[in-house]
Amino acid sequence: MDTRRLGTRLDPVALTLLRLVAGVTMAAHGWQKVVGFDGWRGTVESMGVPGADVLAVLAVVGELGGGIGLALGLLTPLSALGVLGVMIVAITAVHLPNGFFAQEGGFEYPLLMATVALFFLLRGPGPYSVDAMMRGRARHRREPEGGVPYREPLGRPA
């Protein structure tokens, strides 16, 4: 069996699975902050950062909104950027002094999530996503009656 061909055919499935798992995981972390928002806001305030109320809300938006967006493949660049931003702040403001490993409070988990978010920011959501479905509908609306398909200008593949 030629595993290269199998891998190529399964790439969209693997991409979707990665996007779903990362998005749901990130959204779950954001939901925890929503449910315990007063405690979360207190944690951010205890870090001594200016504008802690605003930053606490932005973190929730980045994690919950970005996570849901990633899971669905909806507004993927914006969703991935939200997750990436929150994870960079988490690494630099909280986890970096604790070393690498998560069990010691280190930056292992936020680094992994930031890397996954960066991947989807650069690569796009893949063919099984709301973004791809919306691009397909837009492409279909622009297709002329003669049946000549619309071709995207040079850019990211669907």
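Analyst: The model is predicted. On helix α4, the face turned away from the buried side carries the exposed residues L78, V89 and T92.

User: Which residues of α4 are buried?

Analyst: The general idea comes from helix geometry: an α-helix has 3.6 residues a turn, so residues three or four places apart point the same way. In α4, the buried residues are T76, S79, A80, V83, L84, V86, M87, A90 and I91. They lie on the same side of α4, because the arc they cover around the axis is only 165°.

User: At what angle do α4 and α5 pack?

Analyst: Angles over 145 degrees count as roughly antiparallel. Helix α4 and helix α5 (residues 108-123) pack at about 155°, and their axes are 8 Å apart. The two helices are therefore roughly antiparallel. Residues of α4 in this contact include L81, L84 and H95, while α5 contributes, among others, M113, A117 and F120. By class, this contact has 16 nonpolar, two polar and no charged residues.

User: How do α3 and α4 cross?

Analyst: The axes of α3 (residues 52-72) and α4 (residues 76-95) come within 8 Å and cross at roughly 140°. The pair is therefore oblique, and its crossing is left-handed. On the α3 side the contact is made by residues including L58, G62, G66 and G69, and on the α4 side by residues including S79, G82 and V86.

User: How do the residues of the contact of α3 with α4 divide?

Analyst: They divide into seven nonpolar, eight polar and one charged.

How values were computed. Residues are numbered from 1 along each chain as its sequence is written. This is a predicted model: local features need pLDDT of at least 70, side-chain atom pairs count only at pLDDT 80 or more; totals for chains, interfaces and linings use all residues. Side-chain values use heavy atoms; hydrogens and water are left out. Axes are lines fitted to C-alpha atoms, for helices over the stretch in contact, and angles run from 0 to 180 degrees between N-to-C directions. Helices (H or I, at least four residues) and strands (E, at least two) are DSSP runs, numbered from the N terminus. Angles under 35 degrees count as roughly parallel, over 145 as roughly antiparallel, 65 to 115 as roughly perpendicular and the rest as oblique. A crossing is left-handed if the near helix is turned anticlockwise from the far one by less than a right angle, and right-handed if clockwise. Contact means heavy atoms within 4.5 Å. Ala, Val, Leu, Ile, Met, Phe, Trp, Tyr, Cys and Pro count as nonpolar, Asp, Glu, Lys and Arg as charged, and the others, Gly among them, as polar. Buried means under 20% relative accessible area, exposed over 50%, partly exposed in between (1.4 Å probe, protein chains only). The arc is that of the directions from the helix axis to the C-beta atoms.
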